[in-house]
Amino acid sequence: MSAHNPSTSSALAALQQRAVLIHERLCAVYGCPIAYFHNLDPLSELISSLLSHRTRNADSGRAFKALRRQFANWEAVRDAPVADVMHAIAAVTWPEQKAPRIQQVLRLISDRQKGDLTLDFLVDLPVPAARAWLESLPGVGPKTSAAVLSFSQLRRRALPVDSHHHRVAIRLDLIPPTIAVGPAHALLEAQLPDDWTAQQVYDNHEVMMLHGQRCCYYQNPACERCAVLDLCRFGQAKLQR
Ligand code: SF4
């Protein structure tokens with residue numbers, strides 16, 4: 001099939017069908033629905049997401065807890081000496097960049113919301129408007145905006161794409177290898193049925209990510225035990241070598 005140039009509606013329909021089939025197979029392996037791993041308010045989810053960039057989950061989780069423990073609220077983080085914030089988040093990659101960035105974002109949100117430091121108002125915006133609002137903040141791209149809307153208590157319909165998800169989508173011909181993670185968000189979300197719930201979209205991200213972590217490894221994927229081998233030209237070619 002021509003999976004790389006969905007310029008026609010039939011090509012998109014074929015990709016949608018393929019994406020759903022892959023989703024169903026992976027759901028059978030990893031167990032859908034998958035429990036949400038966070039239940040944070042959207043501002044806390046944003047901070048968590050900013051901390052997690054290029055950082056192991058355990059380390060960003062430790063830094064997030066340290067921030068919550070050492071500061072009374074997000075206003076206190078916003079107004080603290082940057083060195084104190086940097087010290088609190090020392091467990092993450094690039095704390096010297098992330099601390100001033102987090103404070104900048106907190107100040108911008110306060111300013112735009114006339115002193116009200118919260119993102120709870122996003123619940124009243126349509127998803128595209130909420131994503132655009134978030135992506136107007138420095139350091140916030142499509143992955144972070146989708147994570148805030150999907151993973152937080154907002155539980156909105158938005159598809160984050162991490163590096164595992166991205167790699168699996170390329171190997172399964174859902175997107176061309178030349179598409180970077182950022183632009184992959186819109187393409188992959190367009191392949192999911194319009195009537196899917198937020199939970200189903202979340203499940204799609206989770207199963208694609210889990211597949212990348214547990215089977216479709218960056219180096220030496222375990223194609224011989226893969227549930228979608230029959231759909232994967234990459235894996236079939238690898239096994240024939
Ligand atoms: S067959 Fe191999 S390359 Fe293809 S999705 Fe499965 S593990 Fe990844």
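Tutor: Let us begin with two helices: H9 and helix H11 (residues 198-214) pack at an angle of about 85°, with their axes 7 Å apart. Helices and strands here are DSSP runs numbered from the N terminus, helices being H or I with at least four residues and strands E with at least two. The model is a predicted one: local features need pLDDT of at least 70, side-chain atom pairs count only at pLDDT 80 or more, and totals for chains, interfaces and linings use all residues. Residue numbers start from 1 along each chain as its sequence is written.

Student: Why is H9 called roughly perpendicular to H11?

Tutor: Angles of 65 to 115 degrees count as roughly perpendicular, those under 35 as roughly parallel, those over 145 as roughly antiparallel, and the rest as oblique. The angle between H9 and H11 is about 85°, and therefore H9 is roughly perpendicular to H11. Axes are lines fitted to C-alpha atoms, for helices over the stretch in contact, and angles run from 0 to 180 degrees between N-to-C directions.

Student: Which residues of H9 and H11 meet?

Tutor: From H9 come His 164, His 165, Arg 167, Val 168 and Ala 169; from H11 come His 205, Met 208, Met 209, His 211, Gly 212 and Gln 213. Two residues are in contact if their C-beta atoms, placed from the backbone, lie within 7 Å. The residues of this contact divide into 4 nonpolar, 6 polar and 1 charged. Ala, Val, Leu, Ile, Met, Phe, Trp, Tyr, Cys and Pro count as nonpolar, Asp, Glu, Lys and Arg as charged, and the others, Gly among them, as polar.

Student: What makes His 165 count as buried?

Tutor: A residue is buried if 20 or more other C-beta atoms lie within 10 Å of its own, exposed if 12 or fewer do, and partly exposed in between, with C-beta atoms placed from the backbone. His 165 has 27 C-beta neighbours inside 10 Å, and therefore counts as buried. His 165 is in helix H9 and touches His 205, Met 208, Met 209 and Gly 212, leaving aside residues up to four places away in sequence.

Student: Why is Trp 94 called exposed?

Tutor: Trp 94 has 12 other C-beta atoms within 10 Å, so it is exposed. Trp 94 lies in the loop between helix H5 (82-88) and helix H6 (95-112), and it has a positive phi of about 55° although it is not a glycine.

Student: What makes a residue part of the shell around the ligand, and how many residues surround the ligand?

Tutor: A residue is near a molecule or strand if its C-beta atom, placed from the backbone, lies within 6 Å of it. For the ligand, 14 residues surround it, the closest being Cys 216, Cys 223, Cys 226, Cys 232 and Gly 235. Helix H9 (163-171) and helix H12 (233-240) are the elements that give two or more residues to this shell. The shell divides into 12 nonpolar, 1 polar and 1 charged.

Student: Why is Cys 223 called partly exposed?

Tutor: Cys 223 has 19 C-beta neighbours inside 10 Å, and so counts as partly exposed. Cys 223 lies in the loop between H11 and H12 and touches Leu 229, Gly 235, Lys 238 and Leu 239, not counting residues up to four places away in sequence.

Student: What are the two domains, and how many residues are in contact between them?

Tutor: The protein is divided into domain 1 (9-34 + 160-240) and domain 2 (42-151), with bounds taken from an automatic or database domain assignment. In the contact, 9 residues of domain 1 meet 6 residues of domain 2. H10 and H11 each supply at least two residues of the side of domain 1 that touches domain 2.
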